[in-house]
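Student: I would like to go through this structure and ask, for each label, what it rests on.
Tutor: Go ahead.

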Amino acid sequence: MAAMGAAGAAGSIAPKIPRLVRSLPPSSRPHPPPGFLKRLPFAGNCRHCSGDDRRGVGGAGVVPTAAATAAAAASMVYERELAVAKKAASLAARLCKSVQKSILQSDVQSKSDKSPVTVADYGSQAVVSFVLEKELSTSSFSLVAEEESGDLRKDGAQETLNRITELVNDTLSADGTYKVSLTADDILAAIDRGKSEGGPSGQHWVLDPIDGTKGFLRGDQYAIALALLDGGQVVLGVLGCPNLPLAALHDHKHSPQSPVGCLFSAKLGAGTHMELLDGSSPTKVQVSAVEDPADASFFESFEAAHSSHDLSSSIAKRLGVQAPPVRIDSQAKYGALARGDGAIYLRFPHKGYREKIWDHAAGSIVVTEAGGVVADAAGKPLDFSKGKYLDLDTGIVSTSQKLMPALLSAVQASLRETSESVGRL
Ligand SMILES: Nc1ncnc2c1ncn2[C@@H]1O[C@H](COP(=O)(O)O)[C@@H](OP(=O)(O)O)[C@H]1O
Ligand SMILES: [Mg+2]
């Protein structure tokens, strides 16, 4: 089981913890998943915990804060899972890139909710599901993913299924790691492993095989987004962004020859790193250090149907933001925010829309581990423990810790103004 492996790994690194802890920033880190401290032989008292989660620290020397100890421990225990997640997302990105290059009309289907679904969506999910299961095979493997195979099992879908099967096999064997020849039934089974509902206990992988399908079809930004929940909390996340330039978005305009294709990875207590999808040394990234909102720029959805551009504009005006909005698809926005390309991300879906966990799980930890904050419009942290959906107050906002208070005031004021003007109609 992954959880048992994690606890074992933690035990073996116990003597290294005091040095590790001294190297951590004193800032308060997110609380570890429920039951996590119990699994660690060296775990300290945690001000967040009670009952079974409380254990004393024995011995003298450096006495780390409980949050720092937990953060250091957490940063070691999910190491294997993070490496596998990066591998899975990179392979899926390779598959998506090849399809985006040669999008054929026949690759585009219509789902019952009318959103476009491509061969790459299914192929990406099958690749990630295969790699996770193969590398981390556990009896309690759980994957909450966007796609399900219903449409592929219908009459007339055989050709599409064959194309997906071929693509997945080509992708897995091109890498050289896997010598497999999956059948169409294997592909359907791999896709359907993503049927888990998630929830507050145990470990659940959360996958959006292509986030930003509309951007993908337009030839713009999209992301492969994969995260791990443990006890309802996101403990690691990766974002493969095949079309995101390595250079900051504003710099890239001036140097279009900059390499394209970024992989962001984040783990609880270990920061956020970025590397090229094609391979490079990871570098640590940080959110923008801008202190005056007037100097900030903000991200929002390219699609006005996904987020109210009017409301964002009103909030930006209230904050004194000068720059025009940066509109890009997918969780590539979280990646770009995490490395400081812009300072604010605003998302205000229209009434009645329910956000899904796979649209934010990986992105949120990529930003928080880079020093940012992700919250709903009332300032509450996102709750990933309730199954497939996030129960939210109105929208999602993200920025640095420094700018969050001013941003939340502006959001509240603009929301009040909007509801008053609706009331007057
Ligand atoms: N009416 C709506 N309001 C808000 N989000 C929506 C939406 N319809 C679809 N989405 C979600 O918005 C995601 C894309 O976000 P963005 O606008 O940031 O690119 C989509 O992910 P998929 O493309 O994976 O379906 C989908 O989950
Ligand atoms: Mg999505």
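This is a predicted model: local features need pLDDT of at least 70, side-chain atom pairs count only at pLDDT 80 or more; totals for chains, interfaces and linings use all residues.

Student: Why is Asp 211 called buried?
Tutor: The label requires 20 or more other C-beta atoms within 10 Å. Asp 211 has 29 such neighbours, so it counts as buried. This residue lies in strand β4. Beyond its neighbours within four places in sequence, Asp 211 is in contact with Tyr 222, Ala 223, Ala 225, Ser 330, Gln 331 and Asp 359.

Student: Is Glu 146 buried or exposed, and why?
Tutor: The cut-off is again 20. Glu 146 has 22 C-beta neighbours inside 10 Å, so it too is classed as buried. Glu 146 sits in the loop between β3 and α6 (158–174). Its contacts outside four places in sequence are Leu 207, Asp 208, Pro 209 and Trp 358.

Student: Where does UniProt place the feature "binding site"?
Tutor: The unreviewed entry puts it at Glu 146, Asp 208, Ile 210, Asp 211 and Asp 359.

Student: Why can these residues be said to gather at one spot?
Tutor: They span 214 residues in sequence, but no two of their C-alpha atoms are more than 9.8 Å apart, so they gather at one spot.

Student: What is the order of the strands in the open sheet?
Tutor: The seven strands run β3-β4-β5-β6-β7-β8-β9, with mixed pairing.

Student: Why are β3 and β9 said to stand at the edges?
Tutor: β3 (143–145) and β9 (283–285) each have a single partner strand, so one side of each lacks a neighbour in the sheet.

Student: How do you know that β8 and β9 pair?
Tutor: Pairing takes at least two bridges. Three bridges join β8 (residues 271–276) to β9, and the two run antiparallel. In that pair, Met 274 stands opposite Thr 283 of β9.

Student: Which strands does helix α5 touch?
Tutor: Helix α5 (residues 119–135) packs on the sheet against β3, β4 (203–211) and β5 (223–230), and its direction makes about 150° with that of β4.

Definitions and conventions: Residues are numbered from 1 along each chain as its sequence is written. Chains are lettered from A and ligands numbered from 1 in the order in which they are written. Helices (H or I, at least four residues) and strands (E, at least two) are DSSP runs, numbered from the N terminus. Two residues are in contact if their C-beta atoms, placed from the backbone, lie within 7 Å. Axes are lines fitted to C-alpha atoms, for helices over the stretch in contact, and angles run from 0 to 180 degrees between N-to-C directions. UniProt positions are given in the numbering used here, feature names are shortened, and annotations may be inferred rather than shown by experiment. A residue is buried if 20 or more other C-beta atoms lie within 10 Å of its own, exposed if 12 or fewer, and partly exposed in between; C-beta atoms are placed from the backbone.
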